[in-house]
Amino acid sequence: MDIETIRDICKNLPSVTEDIKWGNDLCFMIGGKMFCVTPMNTPLRVSIKVTDEEFGEMTNLQGIIPAPYAARYKWILIEDVNIFSQKKWEYYIAQSYNMVKSKLSKKELAGL
């Protein structure tokens, strides 16, 4: 897995924008809300939102930790990007996107 593949997966989802925040983090957003974040330096690490159930399970896996500053919102930091297959990456990124999108207001959704 590399940053370009993560970028391609994110950008293939509808109405996704990207921005660089905090000087070095590439952030993918829907309606201005982040659903995937990765630092632009190496080693590649990726933060995404997961379900409550997955949060407990996944943070027990080696290579995945609660995301600093965002764990209370059920975000994980994947430190070993080879832990998932391409298909799993597509699934979890799309799931994070859909979870964030579902929290947007009708007005925000209409503006997409």
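Reader: What counts as a pocket here?
Author: On a 1 Å grid over the protein atoms alone, a pocket is an open set of points where a 1.4 Å probe fits, with protein on both sides within 12 Å along at least five of seven lines. This is a predicted model, with local features needing pLDDT of at least 70, side-chain atom pairs pLDDT 80 or more, and totals for chains, interfaces and linings using all residues. Residues are numbered from 1 along each chain as its sequence is written, and side-chain values use heavy atoms, without hydrogens and water.

Reader: Thanks! What volume does the largest pocket have?
Author: About 300 Å³, taken as the space filled by probe spheres set on the points, which are joined across faces, edges and corners.

Reader: And which residues lie nearest its centre?
Author: D25, V37, S47, P68 and Y69, out of 14 lining residues (an atom within 4 Å of a point). Strand 3 (33-39) and strand 6 (75-78) each give two or more (strands are DSSP E runs of at least two, helices H or I runs of at least four, numbered from the N terminus). Strand 3 gives the most, four residues.

Reader: New topic: how many residues are in the largest nonpolar core?
Author: It has 27, and F35, C36, V46, I48, I76, W89 and I93 have the most contacts inside it. Such a core joins buried Ala, Val, Leu, Ile, Met, Phe, Trp, Tyr and Cys through side-chain atoms within 4.5 Å (buried: under 20% relative accessible area, 1.4 Å probe, protein chains only).

Reader: Which element gives the largest share?
Author: Helix 3, with five residues; helix 3 covers 86-101.

Methods. Buried means under 20% relative accessible area, exposed over 50%, partly exposed in between (1.4 Å probe, protein chains only).
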